[in-house]
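Please read them alongside the coordinates.

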Amino acid sequence: MVTKIFLQNLNYWEPRVYSPLPFLYHVRSFSLWSMKKDTDLESSLSRNRRWIVNNQIKNIILRCPEQVAAVKFLQKKFKTLDLQGKALNWLKKYPCCFNVYLEGDEYYCQLTKRMMSLVEEEESVKDMQEPVLVERLTKLLMMSVNHRLNVMKLNELKRSFGFSDDYLIRIVPKHPEMFRIVNYSGRRSAMEIELLSWNPDLGISAIESLAHSQGSDPRFSCTLPSTWVKSWERFCEFNATPYISPYLDACHLVEGSKEMEKRIVGLVHELLSLTLWKKLSIVKLGHFRREFGLPEKLNVLLLKHPGIFYVSNRYQIYTVLLREGYNGSELIDKDPLVVVKEKFGELMQEGLHEYNRRHHLMNLEKKKKGMVLESSPKMRDKSSEMSEQDDHESNLGGLLDPEERKRFYKVLFDDAAS
C-alpha cells in the first residue's frame, strides 16, 4: 500500500495501466548495489561542499595574471561551480582565505598571506613527495596488463593518487630510464605512459609488506563486527586460500575462477592502498577494466567482500572504501598531502567563524540602536534559502535529476582534491 501511494505521487501508478518497467527496473538495480550502512564510513564520505568550492576558487585565482582575479570574473565561474548568489558575498565569508579589495569601481580578489603560505607548503610537500609519487606511478604500471596506462584515464584518478596537474612534466621526463610516453595509434586519446624497467623491490603489495613485518603469511584483514556471522564465515573461507599478488602475471589464471577472484580482490585492495583517502570512484575504476583485467560487473565482486571493502552510493555516486584504512570515520594513515589539505579546511572554517562573529556583533549593535527592521515573510524565506545554500555542508538539491547529478559529479570528483 505504501509503495502504491509512493508511485501515485510520482505519477507512476495507474490501476488500469501497467507500471512502466524502467522505473521499477532502476529501483531494483539500485537495491543490487546496496550494502548495510556503516555510519562512520558514510560520515567520512561527507565532503564539505564549501571546501570543494573554495579549493576551486583558489585554483582559479592562482591561474590568473599576478594571481589576482576580478570578482566579476569569478561571478561568471560561479555557474560552473553550481552556485547561486553573489560571488562577493561568498568570498567575504572566508576572510582568512580570500582578500577582497576595491580598486576604482571594481572589486578584486587575491589569496591571503596565510592561504599563500599553505599553497607554498603544498608545493613543498609535492616536491618532497616526488620519490613517493614516482614509486606510486611505477606500481600502477607494474599492475597493469601491458605495463601501460592511458593518460586520459589516469587523469581521471590522478588526484586520488596524489598526482598534480603537471605530473607528466614533473615526473615522467625526470625518469627516462623508467617511463616514456607512447602513442601507438596516433590518436590523441590513445596516449599512454609505458613502464620501461621492472623494479622487483616495488612488486610487493601492502598486504605482503605487512605480513613480512609480522612474520606471517599474507592474508586479508576484516574489521566487521562479530555479529556479522555469515559475512565472517564467507570471509574466513575466502581468506583460507593462498594470497595472489597483483604484481604477478595473471595470464595463466582462468577467468571466473576462485584464483582469479582472489587476484582481483588483491589488486583492488592494492589500488585503494595507494590512494590518499583509501577510496575510489567505482565508475572511474571500471574505466581500467582492460588495463587491470577487472571484471565487467566489478560492483558485484566488491559487494561479495564486505569485510574488505565498503561500497557506498552517497550522493548517488558509487564509491569503494578500504575498511582497514579507517578507524571509525578517521583516516588512519594520512599522507602529507592530506595533512596540508586539512589545514586549508581548518583555515576556511576559522574565516567563516570570524565572519559569523563579526555579523553577530553588528546585529547586536543594530538592535541596541533600534535599527533592525523585521523582514517580510518573502524576504525571510529567501534569506533562509540562501543561508542554507551557502552555509550548510552540502545542499545537493535535485541530485536525482541527471543534469544536476552530472554537474555535482564533476565538481566533486574532477577538481575536488587538488
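**Notes on the model**

1. In helix 7, Arg-114, Met-115, Leu-118, Glu-121, Glu-122, Val-125 and Lys-126 meet Pro-336, Leu-337, Val-340, Lys-341, Lys-343, Phe-344, Leu-347 and Glu-350 of helix 17; contact means heavy atoms within 4.5 Å. By class, the residues of this contact are eight nonpolar, no polar and seven charged (Ala, Val, Leu, Ile, Met, Phe, Trp, Tyr, Cys and Pro count as nonpolar, Asp, Glu, Lys and Arg as charged, and the others, Gly among them, as polar).

2. The model is predicted: local features need pLDDT of at least 70 and side-chain atom pairs count only at pLDDT 80 or more, while totals for chains, interfaces and linings use all residues. Residues are numbered from 1 along each chain as its sequence is written, and side-chain values use heavy atoms, with hydrogens and water left out.

3. The axes of helix 7 and helix 17 come within 9 Å and cross at roughly 170 degrees. Helix 7 is therefore roughly antiparallel to helix 17, a label for angles over 145 degrees. Axes are lines fitted to C-alpha atoms, for helices over the stretch in contact, and angles run from 0 to 180 degrees between N-to-C directions. Helices (H or I, at least four residues) and strands (E, at least two) are DSSP runs, numbered from the N terminus.

4. How many cavities of 30 Å³ or more are there? The count is three, a cavity being a set of points on a 1 Å grid over the protein atoms alone where a 1.4 Å probe fits but cannot get out. The second largest cavity has a volume of about 80 Å³, taken as the space filled by probe spheres set on the points, which are joined across faces, edges and corners.

5. Of the 11 residues lining the second largest cavity, Lys-58, Leu-118, Glu-122, Val-340 and Phe-344 are the closest to its centre; lining residues have an atom within 4 Å of a point. Helix 4 (49-63), helix 7 (113-128) and helix 17 (336-369) each supply at least two lining residues, and helix 7 gives the most, with four. The lining has six nonpolar, two polar and three charged residues.

6. An open sheet of three strands has the order 4-6-5 with antiparallel pairing, where two strands pair if DSSP finds at least two bridges between them. Strand 4 (148-150) and strand 5 (179-182) are at the edges, each with a single partner strand, so one side of each has no neighbour in the sheet. Leu-149 has Ile-193 in strand 6 as its bridge partner.

Definitions and conventions
1 Å grid on protein atoms, 1.4 Å probe; cavity = no way out; pocket = protein on both sides within 12 Å on 5 of 7 lines; lining within 4 Å. Parallel < 35°, antiparallel > 145°, perpendicular 65-115°, else oblique.
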